[in-house]
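Thanks, everyone, for making time for this. I would like to walk through one model with you, going from a helix to a pocket and then to the aromatic side chains.

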Amino acid sequence: MEWSCIEDAMSDGEKRPEVPSPVADPIRRMGSGASVVLDPTPEVGVEAESGPKLPSSRYKGVVPQPNGRWGAQIYERHQRVWLGTFGDEAEAARVYDVAAQRFRGRDAVTNFKSLSESNDEDAMVLSFLAAHSKAEIVDMLRKHTYHDELQQSKRFHAAGHGMGFGRRRTPSYYGSVRELLFDKVVTPSDVGKLNRLVIPKQYAEKHFPLKAGTAAACEGVLLNFEDATGKMWRFRYSYWNSSQSYVLTKGWIRFVKEKSLKAGDTVSFWRSMGPEQHLFIDRKPRPEKTSCTAKRARPAHAFRLFGVTISELPASGGIGKPAEEKE
């Protein structure tokens, strides 16, 4: 099972110091139908009026922060997309390179050596990037989970689960021996705007145990699930003291939208029987309500009159007409 602890300071991105931003427009989304959020208040290296001038970075796409950290950013259609903050300048530069390869493709200008399709290792990374949307890659970079996602995909590929990579490989969902953990019929609040799925307590404590009072219980852990298409989903799993419930949160609303999940549908959770203990998720639509059964047709009655057999046909919304049948 893949677990990754979450720092308390992280939300969708790390907390940012309150620094004046040159961008004052409301949040916008790039392109039509795209879902990369353009952050209107990114953590940029803006010089404070009374503070010392911040040093500039020697790397493309990297900006210094007042707290000594380094931010990474990339521009898309003249709008800034924030990629997160990092303690090391070179690390921020590598994050920019990842985004540049996804946003610019072969035309990307990077700080370090560009990925090449002629190299097997690089080809895997390029395939992984192509298998995910820009929004997904940005989300991984902001949450510092990109390398975990990449390594997990490499492990699946190395295990021979398909000829492709990322979403294009044959899903191990069908190729592995799995056990059903539990089914959950989702409620209207599970698929609403709360961005959370409540896990029944008996299943949560049995299959996804969290020790009460620990940092993991308060801050949550990241759980990775693979769906039937081979796509990896990452949710934050934690315990809410306010409602005394176990929940899947961050990433859940995206699953709801992509799978067109509705109240009454069933979400199934599985685990592989192998040593890796991979987790899987599946969605089943709620069964359609059967309509009322049609009334059985009244059997036809026949009688003979003057040597002629007369049959009375069953009525259909009116009086049946007799049919004559000569011998």
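Predicted model: local features only at pLDDT ≥ 70, side-chain atom pairs only at ≥ 80, totals over all residues.

Let me begin with a question: which residues in α3 are buried? Taking buried to mean under 20% relative accessible area, exposed to mean over 50%, and partly exposed to mean in between, with a 1.4 Å probe and protein chains only, the buried residues in α3 are A135, E136, I137, V138, M140, L141 and R142. Seven of the nine residues of this helix are therefore buried, so α3 is largely enclosed by the rest of the structure. After α3 comes H144, which has a positive phi, near 60°.

Residues are numbered from 1 along each chain as its sequence is written, and side-chain values use heavy atoms, with hydrogens and water left out.

As for the overall picture, the protein has eight helices and 16 strands, where helices (H or I, at least four residues) and strands (E, at least two) are DSSP runs numbered from the N terminus. Of its 327 residues, 40% count as buried. If we take contact to mean heavy atoms within 4.5 Å, then among the contacts with a separation of 6 or more, 52% are made by residues 24 or more positions apart.

Next, the second largest pocket, which holds about 460 Å³ of space. The closest to its centre, of the 21 residues that line this pocket, are R94, V95, V98, Y146 and H147. The elements that give two or more residues to the lining are α1 (89–104), α2 (120–130), α3 (134–142) and α4 (146–158), and the largest share, six residues, comes from α1. On the method, a pocket is an open set of points on a 1 Å grid over the protein atoms alone, where a 1.4 Å probe fits and protein lies on both sides within 12 Å along at least five of seven lines, whereas a cavity is a set from which the probe cannot get out; lining residues have an atom within 4 Å of a point. Grid points are joined across faces, edges and corners, and the volume is the space filled by probe spheres set on the points.

Staying with helix α1, this is where Q101 is placed. Q101 counts as buried, because its relative accessibility is 11%. Leaving aside residues up to four places away in sequence, Q101 touches A108, T110, S114, L115, L126 and L129.

Now to the aromatic side chains. Rings of Phe, Tyr and Trp (its six-membered ring) pair if their centres lie within 6.5 Å, and planes under 30 degrees apart count as stacked, over 60 as edge-to-face and the rest as tilted. By this rule there are 16 aromatic pairs. In one of them, the rings of W233 and F255 have centres 5.1 Å apart and planes at 85°, so this pair is edge-to-face. Because W233 lies in strand β10 (residues 232–240) and F255 in helix α8 (residues 252–258), the pair ties together parts that are 22 residues apart in sequence. W233 is buried at 1% relative accessibility, and F255 is buried with a relative accessible area of 1%.

The rings of Y239 and Y246, with centres 4.8 Å apart and planes at 55°, form a tilted pair. Here Y239 is partly exposed at 22%, whereas Y246 counts as buried at 8%. Ring pairs link these residues into a cluster made up of F182, Y203, F208, F225, W233, F235, Y237, Y239, Y246, W252, F255 and F269.

Finally, some backbone details. R77, although not a glycine, has a positive phi of about 55°; R77 is placed in the loop between β5 (70–76) and β6 (79–86), and at 58% relative accessibility R77 counts as exposed. N195 is likewise not a glycine and has a positive phi of about 55°, its place being in the loop between β7 (178–185) and β8 (197–199), where N195 counts as partly exposed at 23%.
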